[in-house]
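Here is a short note on helix packing and the nonpolar cores. Please read it with the model open.

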Amino acid sequence: PGSRTGELLDMLEANEAHASFFLLGQNINDSNGHLLQRMVEIGCEVANHSYDHPQLTVLSAEGVQEQMNLTNNLIAEKSGTQGTLMRPPYGAINDNVRANVGMPMILWSIDTLDWKTRSAQSTIDHVMTNVRDGDIILMHDIHNATIDASKELIPRLKEAGYQLVTVSELAPARGLSMAAGESY
């Protein structure tokens, strides 16, 4: 969670929208554990993004497992639920990662590049120009511009007829049964 994740949760809740939050274990602590609980309470999904964002493809089997286990344990401790999905840092996947993550791996269909542009308007424009039914939009709630963009995007997407759901809600709606070690 970032310093403004609470604002994002307020906006999601007010719009009856859900999101999947892929969390870095190193950022989960006693001062923000309540945000993980709130994510779950409002219907969002908490998931794994590794412990400290390494290139998983260069780690040993044990290293990949450690990244997943450390973060899953923190997610469970702070949210009261198990993370069942993971997003590989950089989207980097190889056979070792597939064999050792122990969860379905979720990629994205729209990369807002919010981490790079740090521009709310650029993020809004990119999403609204490119969004299609079934898209997974990659955004990072650690950036102020992303929170600002979300405040406009969430209601605009709803007005355009989109339903904002978690990845675990989207998969069955698309007829997908996700499996550990597979990417989606």
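1. This is a predicted model.

2. By class, the contact of α1 with α7 has six nonpolar, one polar and two charged residues.

3. α1 also packs with α2. The axes of α1 and α2 come within 11 Å and cross at roughly 10°. These two helices are therefore roughly parallel as well. Their crossing is left-handed.

4. Here α1 contributes Thr 5, Gly 6, Leu 9, Asp 10 and Glu 13, and α2 contributes Leu 35, Arg 38 and Met 39. The contact of α1 with α2 divides into three nonpolar, two polar and three charged residues.

5. Now the largest nonpolar core, which has 27 residues. Leu 9, Leu 12, Phe 21, Leu 23, Met 39, Cys 44 and Ile 154 touch the most other members. At least two residues each come from α1 (5-14), β1 (20-23), α2 (33-41), α3 (61-79), α6 (120-130) and α7 (144-159). α7 gives the largest share, five residues.

6. Look at Ile 154 in detail. Leaving out residues up to four places away in sequence, Ile 154 touches Leu 8, Met 11, Leu 12, Asn 15, Ala 17 and Leu 164.

7. Another core, of eight residues, lies apart from the largest one. Among its members are Val 64, Met 86, Val 97 and Met 103.

Conventions: Residues numbered from 1 in each chain as written. Predicted model: local features only at pLDDT ≥ 70, side-chain atom pairs only at ≥ 80, totals over all residues. Heavy atoms only, no water. Core = buried A, V, L, I, M, F, W, Y, C linked by side-chain atoms within 4.5 Å. Buried < 20%, exposed > 50% of the residue type's maximum accessible area, 1.4 Å probe, protein only. Helix = DSSP H or I, 4+ residues; strand = E, 2+ residues; numbered from the N terminus. Contact = heavy atoms within 4.5 Å. Nonpolar A, V, L, I, M, F, W, Y, C, P; charged D, E, K, R; others polar. Axes fitted to C-alpha atoms, helices over the stretch in contact; angles between N-to-C directions. Parallel < 35°, antiparallel > 145°, perpendicular 65-115°, else oblique. Left-handed = near helix turned anticlockwise from the far one by under 90°.
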